[in-house]
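Biologist: Could you walk me through one part of this model in detail, strand by strand and side chain by side chain? Please spell out your cut-offs as you go.

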Amino acid sequence: RGQFQLWYQARGFAAAGILPGVQNFACYATSDDGVHFERPPLGLVEFDASTANNILAERGVDTGSNLLFSHGMLDCPEMQPYEPAEHRYKGVTATGRDADNQYGHGMVFSRDGIHWTEHKDNPVIRGRNHGDSVSLAKVRHTTWREDEPRSIPSAKYAMFPKMRTQVGKFDRRCIGLCLSDASKNPGMGWTVPVLTLAPDARDDDLTSEHLAAARDVLLHDHPDDHRSEFYSMVVHRYGDIFLGFLWVFDVAFECHRIGGGNQHGPLHVQLVASRDLVNWTRIGDREPILDRGQPGSFDAGMIFYHSLPVTVGDEWWIYYAGFDSCHTPGPYVEASLQAQRLREVAEGRRQLPAIGLAKIRRGGFVSLDAGDQVGTLFTRPMVAGGTKLEINARILTGGEIRVEVQDEAGVPLPGFSANAC
């Protein structure tokens with residue numbers, strides 16, 4: 001279409017525990033430049049006695065229908081010869097707990113990204129230790145390539161549900177993994193979810209630093225409650241590796257101390273990487289790649305929901321939801337604080353959640369730097385293809401890069417040594 005397409009959730013204050021009974025909506029917007037968006041009238045859902053709005057679906061607090069796909073919506077045009085046309089767009093949802101106290105996640109599909117249907121067998125996965133967050137990732141670029149690296153799973157898609165497990169003295173949010181059966185259509189044949197990524201002692205140490213820098217947005221704090229949790233992870237295949245955008249939740253306070261539930265604290269995004277979706281490496285010394293904004297900004301409290309990287313020229317663009325408050329602040333149990341917050345919104349002194357845009361050089365999250373000395377980088381063995389080798393590098397004045405091609409024994413090929421480069 002030559003347009004940017006944006007799918008997002010418009011969530012009522014009920015999601016923040018402020019006002020009861022407010023509906024949530026899945027919405028759609030378009031843009032020619034990726035910055036200025038329009039809300040097309042879709043005519044699908046009535047709101048304020050009119051269907052002239054951009055709402056795709058709604059979900060009330062007590063309704064069973066769930067077309068509000070979470071942070072795992074994919075557009076898969078290259079899979080069209082191998083999947084039903086109505087499955088081009090696919091997303092994952094949280095279906096809630098059943099009578100057996102198992103939390104479920106389901107799938108939704110669309111032919112055009114506008115008209116959505118639920119999978120007939122939802123939920124497609126479930127578990128007692130699951131949570132409400134889940135994401136969906138594309139594992140294989142296509143189903144017909146035979147030259148995929150051995151480490152790449154044969155599954156077409158992967159799902160990453162929130163799972164809870166005991167780490168130290170706390171029951172924590174962690175990241176699970178389940179894979180689709182490559183021989184079946186999406187939504188069928190999922191493997192049993194397993195734990196794939198959990199916080200460690202260093203994450204807890206970093207939490208203390210993160211919370212010290214978040215004093216301006218914390219409403220409650222208790223040192224006995226401090227720890228790191230992994231809220232969700234959005235996974236993007238880049239070449240033959242997978243980049244995971246990990247939502248790190250720095251817990252500052254247990255809300256049961258003031259009569260509520262859940263935990264309070266800020267969130268940011270870190271980078272992890274894997275070749276097999278099971279073993280993950282923490283990248284960039286666990287520094288945030290999408291961090292909270294400055295005090296007073298719309299994203300000062302947490303980064304919560306974001307897109308996969310969108311390639312625009314030589315940049316990656318990531319759209320994200322920013323909140324100026326932290327996770328579960330607790331106003332729902334304090335009437336005076338609830339009233340104060342609503343006044344601040346009405347007076348323009350507090351911002352509602354909004355969508356922001358982050359940009360970075362394509363593939364530029366991390367780098368290897370040689371400095372003033374000679375540095376050497378060895379790649380893993382690879383099968384050469386095409387007629388040229390492209391290198392993503394920045395060379396300082398007077399510097400250079402040389403490339404040498406070696407055989408499996410490390411012997412330079414004739415004519416392809418570093419001296420001949």
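Modeller: Of the 421 residues in the protein, 45% are buried, where buried means under 20% relative accessible area, exposed means over 50% and partly exposed lies in between, with a 1.4 Å probe and protein chains only. This is a predicted model, in which local features need pLDDT of at least 70, side-chain atom pairs count only at pLDDT 80 or more, and totals for chains, interfaces and linings use all residues. Residues are numbered from 1 along each chain as its sequence is written, and side-chain values use heavy atoms, with hydrogens and water left out.

The protein has 2 helices and 23 strands; these are DSSP runs numbered from the N terminus, with helices being H or I of at least four residues and strands E of at least two. Among contacts with a separation of 6 or more, 57% are between residues 24 or more positions apart, a contact being heavy atoms within 4.5 Å.

Let me take you to strand β18, residues 267–274. In β18, 8 of the 8 residues are buried, so the strand is largely enclosed by the rest of the structure. In a regular strand the side chains alternate between the two faces of the sheet. Here L267, V269, L271 and A273 point one way, while H268, Q270, V272 and S274 point the other way.

What does β18 pair with? Strand β15 (residues 241–251) pairs with β18 in the antiparallel sense over 8 bridges, and two strands count as paired if DSSP finds at least two bridges between them. Within this pairing, F245 stands opposite L271 in β18. β18 also runs antiparallel to β19, joined by 2 bridges, and here A273 faces T281 of β19. The two strands β18 and β19 make a hairpin with 6 residues between them, and L277 in the turn has a positive phi of about 75°.

Strand β19 covers residues 281–282 and holds R282. With 18% relative accessibility, R282 counts as buried. The R282 side chain makes a polar contact of 2.8 Å with the side chain of D203, and another, at 2.9 Å, joins R282 to the side chain of Q270. A polar contact is a pair of N or O atoms within 3.5 Å; within protein, one must be able to donate a hydrogen and the other to accept it, and residues adjacent in sequence count only if both atoms are side-chain atoms. Setting aside neighbours within four places in sequence, R282 touches D203, F230, L246, Q270, L271 and V272.

E229 is buried, at 0% relative accessibility. Not counting residues up to four places away in sequence, E229 is in contact with R164, D171, R172, R173, P199, W247, V248, F249 and V251. P199 is 30 residues from E229 in sequence, yet their C-alpha atoms are 6.1 Å apart.

R227 also lies over the face of F170, at 4.3 Å from the ring centre. Likewise, the charged end of K162 sits over the ring of Y231, 3.8 Å from its centre. A charge sits over a ring if NZ of Lys or CZ of Arg is within 6 Å of the ring centre and within 35 degrees of the ring normal.

Y231 belongs to a cluster of ring pairs together with W247, F249, F304, Y305 and F323. Across the whole structure, a search finds 16 aromatic pairs. Rings of Phe, Tyr and Trp (its six-membered ring) pair if their centres lie within 6.5 Å; planes under 30 degrees apart count as stacked, over 60 as edge-to-face and the rest as tilted. One of these pairs is Y238 with W316: the centres are 4.8 Å apart and the planes are at 75°, so this pair is edge-to-face. The pair links distant parts of the chain, 78 residues apart, with Y238 in β14 (residues 227–238) and W316 in strand β22 (residues 315–323). Y238 is partly exposed at 33% relative accessible area, whereas W316 is buried at 2%.

One last stop is the pairing of β11 and β12. Strand β11 (residues 157–167) runs antiparallel to β12 (residues 170–179), joined by 8 bridges, and Q166 stands opposite D171 in β12. D171 is also one of the residues that E229 touches.
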